[in-house]
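User: I have a model open and want to go through its local features. Can you take my questions one at a time?

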Amino acid sequence: MTIKPVLGVQADDEWSPLRAVIVGRAGRACFPSAPAKMIEATMPSAHAHRFQPKAPFPEKLIAKAEAELDYFAAILKAEGIEVYRPPAGIDWLAEEGYTGAMPRDGLMSVGNTLIEACFAWPCRSREIEIAYTSILDAVSKDTRVQIVRRPASSFANTLLDEEDSCTRQWAINNSRPAFDTADFMRLGHTILGQYSHVTNQAGVDYIQQHLPKGYQVEMIEVNDPSAMHIDATILPLRDGLLVYNPMKITEAALRQHAVLASWDLQPYPFIPQAPTEPPLYMTSPWLCLNALVLDGKRMVVEASDLQSAQWYESLGMECIMCPFKHVNSIGGSFHCATVDLVRDNS
Ligand code: DAV
């Protein structure tokens, strides 16, 4: 039997059978450097001083993260999933960028449309162009695919302007569209999003304008003073079942959204602990919710996280264990490191 290559973009939820996916590559990854205000608002305070220009992550850490990403990609390929990778060895130090390991922050598929983030952090402004142009070219050979590249106007360096900035809830203002795509979670025709230190109202309006017909964004009420990315706060496991971080969101807030009204909503029942080595330079240990669901039955979970795996299994999932601690260290887990291009929900 020959397997037909799956090309294009057709995905609008987090759980339908995955057919084609992007898996990132670290390259010569660096601590992202952004104005102190943006870093202090979001990054773990113990590490905030590391986020300087030209500060590469330790070479050994990157080599291990790269091996984990390769192994993860091999697991997905062995499941028959088409895997797209950016070029190896991108020098993010020379580009004054961050990494190509976290494509979820910068690309979101909704139906046949792939939307590029209007990143708030200047060091990420060319990340998708640098690492993902060849993949965008490949998928757009399918003429049904719409790619929404970030507009030149979204590069304006105005997000920290304004005198009243110390009274604002978020580090950024609303002077131009800003959003990371990881502040959004797709549940079919409804996309749940959060405002954050990288996502503003103009960014939300921009997404809504560029969605295919019939899709809408709803903003979710999250209690997270350092909010940046919703994909360690909620995770749908299958149609009708979602897990969440009860320290950041309440069941009542989730139930306000019609799409979740009748879902089984399960709070994560433990307080996750950070590993001592390698350090989580950029995130909290809630990366345990940053898993990748393959098909509503199986999901990929960090190899040492037996506590989460047992819990997910008690909810009826089957866990595929994959080492990922070094990728976690540089900013994310399986959800962050991927972009689903095709999910089969027909
Ligand atoms: O809990 O630190 C991590 C999200 C990564 N995309 C957290 C959020």
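This is a predicted model: local features need pLDDT of at least 70, side-chain atom pairs count only at pLDDT 80 or more; totals for chains, interfaces and linings use all residues.

User: Where is Lys54 found?

Analyst: Lys54 sits in the loop between helix 1 and helix 2. Its phi is near 55°, a positive value in a residue other than glycine.

User: And what is the phi of Glu96?

Analyst: Glu96 has a positive phi of about 55°, although it is not a glycine. Glu96 lies in the loop between helix 3 (92–95) and strand 3.

User: Is Glu96 buried or exposed?

Analyst: Exposed, with a relative accessible area of 53% for Glu96.

User: Staying with the backbone, which residues does a cis peptide bond join?

Analyst: Glu277 and Pro278, with omega at about -15°. Pro278 is in the loop between strand 11 (264–267) and strand 12 (292–293).

User: Now helix 4. How many residues does it have, and how far does it reach?

Analyst: Helix 4 covers residues 127–139, which is 13 residues. From the first C-alpha to the last it reaches 18 Å, close to the 18 Å expected at 1.5 Å a residue.

User: Where does helix 4 bend?

Analyst: At Thr133, by about 65°.

User: Which residues in helix 4 are buried?

Analyst: The buried residues in helix 4 are Glu127, Ile128, Ile130, Ala131, Tyr132, Ile135, Leu136 and Val139.

User: On to rings. How many aromatic pairs does the count come to?

Analyst: The count comes to 14 aromatic pairs. One of them is Phe31 with Phe51, an edge-to-face pair at 5.2 Å centre to centre with 75° between the planes.

User: What parts of the chain does that pair link?

Analyst: Distant ones, 20 residues apart. Phe31 is in the loop between strand 1 (18–23) and helix 1 (36–42), while Phe51 is in the loop between helix 1 and helix 2 (59–78).

User: Are those two buried or exposed?

Analyst: Phe31 counts as buried because its relative accessibility is 6%. Phe51 also counts as buried, at 3%.

Analyst: Another aromatic pair is Tyr268 with Phe270, edge-to-face at 5.5 Å centre to centre and 80° between the planes.

User: How accessible are Tyr268 and Phe270?

Analyst: Tyr268 is at 3% relative accessibility, so it counts as buried. Phe270 is partly exposed, with a relative accessible area of 30%.

User: Which residue lies over the face of Phe155?

Analyst: Arg150, at 4.0 Å from the ring centre of Phe155.

User: Last topic, cavities. How many of 30 Å³ or more?

Analyst: One cavity of 30 Å³ or more is counted. The largest cavity has a volume of about 60 Å³.

User: What lines the largest cavity?

Analyst: Its lining is Glu14, Arg104, Leu107, Met108, Ser109, Thr181, Ala182, Phe184, Arg186, His335, Val339 and Asp340.

User: Which strands supply at least two residues of that lining?

Analyst: Strand 3 (107–110), strand 6 (184–187) and strand 15 (338–343) each do. Strand 3 gives the largest share of the lining, three residues.

Terms used: Residues are numbered from 1 along each chain as its sequence is written. Side-chain values use heavy atoms; hydrogens and water are left out. Helices (H or I, at least four residues) and strands (E, at least two) are DSSP runs, numbered from the N terminus. The expected span of a helix is 1.5 Å times one less than its number of residues. The bend at a residue is the angle between axes fitted to the seven residues ending there and the seven starting there. Buried means under 20% relative accessible area, exposed over 50%, partly exposed in between (1.4 Å probe, protein chains only). Rings of Phe, Tyr and Trp (its six-membered ring) pair if their centres lie within 6.5 Å; planes under 30 degrees apart count as stacked, over 60 as edge-to-face and the rest as tilted. A charge sits over a ring if NZ of Lys or CZ of Arg is within 6 Å of the ring centre and within 35 degrees of the ring normal. On a 1 Å grid over the protein atoms alone, a cavity is a set of points where a 1.4 Å probe fits but cannot get out, and a pocket is an open set with protein on both sides within 12 Å along at least five of seven lines; lining residues have an atom within 4 Å of a point. Grid points are joined across faces, edges and corners, and a volume is the space filled by probe spheres set on the points.
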